[in-house]
Amino acid sequence: MTIEYTEQNDAWTIPDKSSSLKRTNVVSKTEDAQVDLKPFKAVLMQNFPRGYRLGSSIEMKKFRRYFEDINGYALQQESDDIEKIISLCGIEHQGRIYAPQVMLSDELRDKLIYFIDKNFEEGKNVVYYEALFKEFSEDFLDQNIYNAEMLKSYITYIAGNKYFTTRSYLSNERWSSVDPIEDVRTCLKEHGLPMEVDDLCKTLSHIPSDRIRTLLGTHGEFVRNSKGEYFHADSLLLTDEELKNISALIDEEIKRHAFISGNELYDATKGKYPYINERNSMFSVIGWRDALKFKLGDQFTFTGNIISSKDNELSMSDVFASYGAEQKSFTLSALLAFAENMGSTIYFDSLYQNAARVSQEHFVSRSDVSFQVKETDKILGRFCTENYLALPEIRDFGIFPEASHPWTPYLLEHYVAFHSKQYYLMHGGYNRNVVVGAMVKKENVYDSFDDLITDILAESGVTLQKKDVLNYLSDNGYIARRTYAGIETLMIKARAKRKKKEK
């Protein structure tokens, strides 16, 4: 069906075929009176390109004035009747009436319809208004269509029953099935290789890009290969026999160590079945692992980079706790190598369930450390004369009572965290390269490290400016780097505490 345009008195008129009332420049009935819409349309087009606001007395005064200027006679009807006539002259959207003839240029209107028709000719069943608006967003900058909902109203008006319309999309078939998941699936499968999300959105331009990104992130068959790049799990080329062989590798390792990491599995497959990796060399280790997660998820549990049995599900936290329990002693270098092999950062909190750090480089089993608690707490009291003290403030360990290992900042950190009766450790997390945080007297309870930081800032004399505050916290050993999430809020709280104290 074609869109009909007629030209009368140098003005375009567009029939609305979606309504029993044809919006044309011929007479229509309003309150049993014949009304010529043409002069009303002329005012709407010339003087209200951004729409006439219904229910506004100011707009009505303007309309009456413009009408008389253009047509040479004044309107005699009541304002309510005039608004009813205005409503017949265009598109209503969010309380405004727009003349469709000035919403888009003729050239852009034709370009829009051509684009829609081209999508249907290419086999697409639906076109989403949101995707359509985004496609033409730059073209619409100097036009009078401001959002997808307004675009929907415009298309419905000018196209009449050319398309079938719903709340979020239009179609060329009345009962067209809408399945954007199938469109994404088909596109990725046909592409075969990892595909940039931006390219996928361009290819599936009839679907809103936000919808596509949501689908990619919520359906396991769509696998993230790297940042902004996805492929379909079936693009990982494996025969049934090869998949069984990989499953057997996982089984063997789980029987020995209770789990296997994605990195370890990738390396094991590469060593035993190199032709599999060569055939799938375009996929990253992470992509390779998550494609297997989709294919073998009914046999094994995939948690992050850890693959374990269905009966004994393990997390990365469990893995580091297990690592600490299995080693009588180990070095930081060995721990870093293990974390890299796991494809993970170090989970220190889990590691310290079973291990203790005694120096920059060395860790031992927690059963291998012992302290004279009463005497050690007494010495700490000589340093901590207030409610709390930054751990790096303690540098002289010569007066500390003998322990199972030579005193270091790391051994002190472990002692305060797990053995002291009078103090507890507060920090933003264990750090790989330095000891930071504070020892706090147990009678002073802070619900969070944020609360402690607020108190520190309130009690200090530091200028409450972001740069100065971060420098102060870092220089005094409370934090490792000159960054802290939400520091602006804590500064406001600290300022309020200072003012309250001054009163």
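This report walks through some strands, helices, cores and backbone angles of a predicted model.

## Before we start

Residues are counted from 1 along each chain as its sequence is written. Since the model is predicted, local features need pLDDT of at least 70 and side-chain atom pairs count only at pLDDT 80 or more, while totals for chains, interfaces and linings use all residues; side-chain values use heavy atoms, with hydrogens and water left out.

Helices (H or I, at least four residues) and strands (E, at least two) are DSSP runs, numbered from the N terminus.

Let's begin with an open sheet of 3 strands, in the order β5-β7-β6, with antiparallel pairing. Two strands pair if DSSP finds at least two bridges between them. β5 (52–53) and β6 are at the edges with a single partner strand each, so one side of each has no neighbour in the sheet. β5 pairs with β7 over 2 bridges, and Tyr52 has Ile97 of β7 as its bridge partner.

The loop between β6 (91–93) and β7 (96–98) holds Gln94. Its phi is near 50°, a positive value in a residue other than glycine. Most residues other than glycine have a negative phi. Gln94 is also exposed, with a relative accessible area of 69% (exposed is over 50%, buried under 20%, partly exposed in between, using a 1.4 Å probe and protein chains only).

## Another positive phi

Ala258 has a positive phi too, about 75°, although it is not a glycine. You'll find Ala258 in the loop between α11 (240–257) and β14 (259–261). At 26% relative accessibility, this residue counts as partly exposed.

Now look at helix α8 (residues 180–191) and helix α10 (residues 209–218): their axes come within 10 Å and cross at roughly 75°. Axes here are lines fitted to C-alpha atoms, for helices over the stretch in contact, with angles from 0 to 180 degrees between N-to-C directions. That makes α8 roughly perpendicular to α10 (angles of 65 to 115 degrees get that label; under 35 is roughly parallel, over 145 roughly antiparallel, and the rest oblique).

Which residues make the contact? From α8 come Pro180, Ile181, Val184 and Leu188, and from α10 come Arg211, Ile212, Leu215 and Leu216; contact means heavy atoms within 4.5 Å. They divide into 7 nonpolar, no polar and 1 charged.

## The nonpolar cores

A nonpolar core is a set of buried Ala, Val, Leu, Ile, Met, Phe, Trp, Tyr and Cys residues joined through side-chain atoms within 4.5 Å. The largest one has 44 residues, and those with the most contacts inside it include Leu335, Trp407, Leu412 and Met439. Among the elements that each supply at least two residues of this core are α15 (316–326), α16 (332–342), β18 and β19. Leaving aside neighbours within four places in sequence, Leu412 is in contact with Leu380, Leu391, Ile394, Phe397, Phe400 and Trp407. A second, separate core of 27 residues includes Ile91, Phe115, Ala159 and Tyr163.

## Strands around β19

Strand β19 (residues 362–365) pairs in the antiparallel sense with β17 (residues 329–331) over 3 bridges. It also pairs in the antiparallel sense with β18 (residues 355–357) over 3 bridges. Val364 is the bridge partner of Ser329, and Ala356 stands opposite Val364 as well. β18 and β19 form a hairpin with 4 residues between them.

Conventions:
Ala, Val, Leu, Ile, Met, Phe, Trp, Tyr, Cys and Pro count as nonpolar, Asp, Glu, Lys and Arg as charged, and the others, Gly among them, as polar.
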